[in-house]
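Visitor: I have a structure on the screen and would like to learn how to read it. Please take the features one at a time.

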Amino acid sequence: MTAIPAADGHLAGDPLLNRIVDQLSTRFAGRFCTETIRGYVHDSYRGLRQDARVMAHLHILTQRFATERLTALAQVKGYIPKLEVEVLYVCGGNAGRSQMAAAFTRKYGGDWLHVRTAGSRPAATIHPPVVQALAEVGLFPAMEFPKPLTDDVVQAADVVVTLGCADACPVHPGRRYLDWDLPDPRDRPIDEVRAIRDRIDTQVRQLVAELKQPVPL
């Protein structure tokens, strides 16, 4: 069972976080109480703040991260229906392999598939060579950002793909777990990043094709 994070008294006076709590309390009314939402907002803020280099957008990212986590929790508890296959990609920094895999999955999947990403040790930003390599094939992860791995998104996933950090990911029954042994593109020359990108492209094509197949009765 997912533990509900506790609210942080040191953050209680932050007006922007309080506004996020109010907005999400309206969005998830009838599903989660305000204190549960406050705990998730504060925990999401703390998780992102640890590795943030630029604080200017931290509250915006906190709202997006907390929304994603609360949506995942609502799916796990059956408060909202799961209308899509949920795929979670996890790598160390959530700044390279998992972001590339997610970008290709969004490209090849349809509205029947939803993607989340996370990192066991999230970086501050997506690696610039990764952004460049994706842009070269027409993919632009401009709205994505590294975020820490949390139990709620693992529980909400149907398929969990780890890329070099399988030991960091909690295991829950009923999920399909895959581990793709691919090198980390961090600090590698762009030609090597392109090669990693192309291997991920192939892996994702195969996974999406498998997920499209009907499950035998």
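Guide: Start with charge. Lys and Arg count as positive and Asp and Glu as negative, while His and the chain ends are not counted. Each charge is placed at NZ of Lys, CZ of Arg, CG of Asp or CD of Glu. In this chain, the mean positions of the 26 positive and 25 negative charges lie 2 Å apart. The model is a predicted one: local features need pLDDT of at least 70, side-chain atom pairs count only at pLDDT 80 or more, and totals for chains, interfaces and linings use all residues. Residues are numbered from 1 along each chain as its sequence is written, and side-chain values use heavy atoms, with hydrogens and water left out.

Visitor: How many helices and strands does the chain have, and what pattern do they follow?

Guide: Helices (H or I, at least four residues) and strands (E, at least two) are DSSP runs, numbered from the N terminus. Here there are seven helices and four strands. Along the sequence the pattern is α-α-α-β-α-β-α-α-β-β-α.

Visitor: What does the radius of gyration say about the chain?

Guide: The radius is taken over C-alpha atoms, and the globule rule is 2.2 Å times the number of residues to the power 0.38. For 217 residues the rule puts a compact globule near 17 Å, and the chain agrees because its own radius is 17 Å. The C-alpha trace spans about 50 × 50 × 30 Å along its principal axes.

Visitor: What share of the residues is buried?

Guide: Buried means under 20% relative accessible area, exposed means over 50%, and partly exposed is in between (1.4 Å probe, protein chains only). Buried residues are 47% of the 217 in the chain.

Visitor: Which residues touch the most other members of the largest nonpolar core?

Guide: In soluble globular proteins, nonpolar side chains tend to be buried together. A nonpolar core is a set of buried Ala, Val, Leu, Ile, Met, Phe, Trp, Tyr and Cys residues joined through side-chain atoms within 4.5 Å. The largest one has 28 residues, and Tyr89, Trp180, Ile200 and Val204 touch the most other members. Elements that each supply at least two of its residues include β1 (85-91), β3 (159-163) and α7 (190-212). Helix α7 gives the most, with seven residues. A second, separate core has 19 residues, among them Leu11, Tyr40, Val41 and Leu70.

Visitor: What does Trp180 touch, leaving out residues up to four places away in sequence?

Guide: Contact means heavy atoms within 4.5 Å. The partners of Trp180 include Tyr89, Ala101, Val161, Gln203 and Leu207.

Visitor: Is Ile196 buried or exposed?

Guide: Ile196, in helix α7, counts as buried because its relative accessible area is 4%. Beyond its neighbours within four places in sequence, Ile196 is in contact with Arg97, Met100, Pro183, Asp184, Pro185 and Arg188. Ile196 and Leu182 are 14 residues apart in sequence, and their C-alpha atoms are 7.1 Å apart.

Visitor: Where are Asn94 and Asp187, and what is the phi of each?

Guide: Most residues other than glycine have a negative phi. Asn94 has a positive phi near 50° and sits in the loop between β1 and α4. Asp187 also has a positive phi, about 65°, and belongs to the loop between β4 (176-179) and α7. Asn94 is buried, with a relative accessible area of 0%, whereas Asp187 is exposed at 73%.
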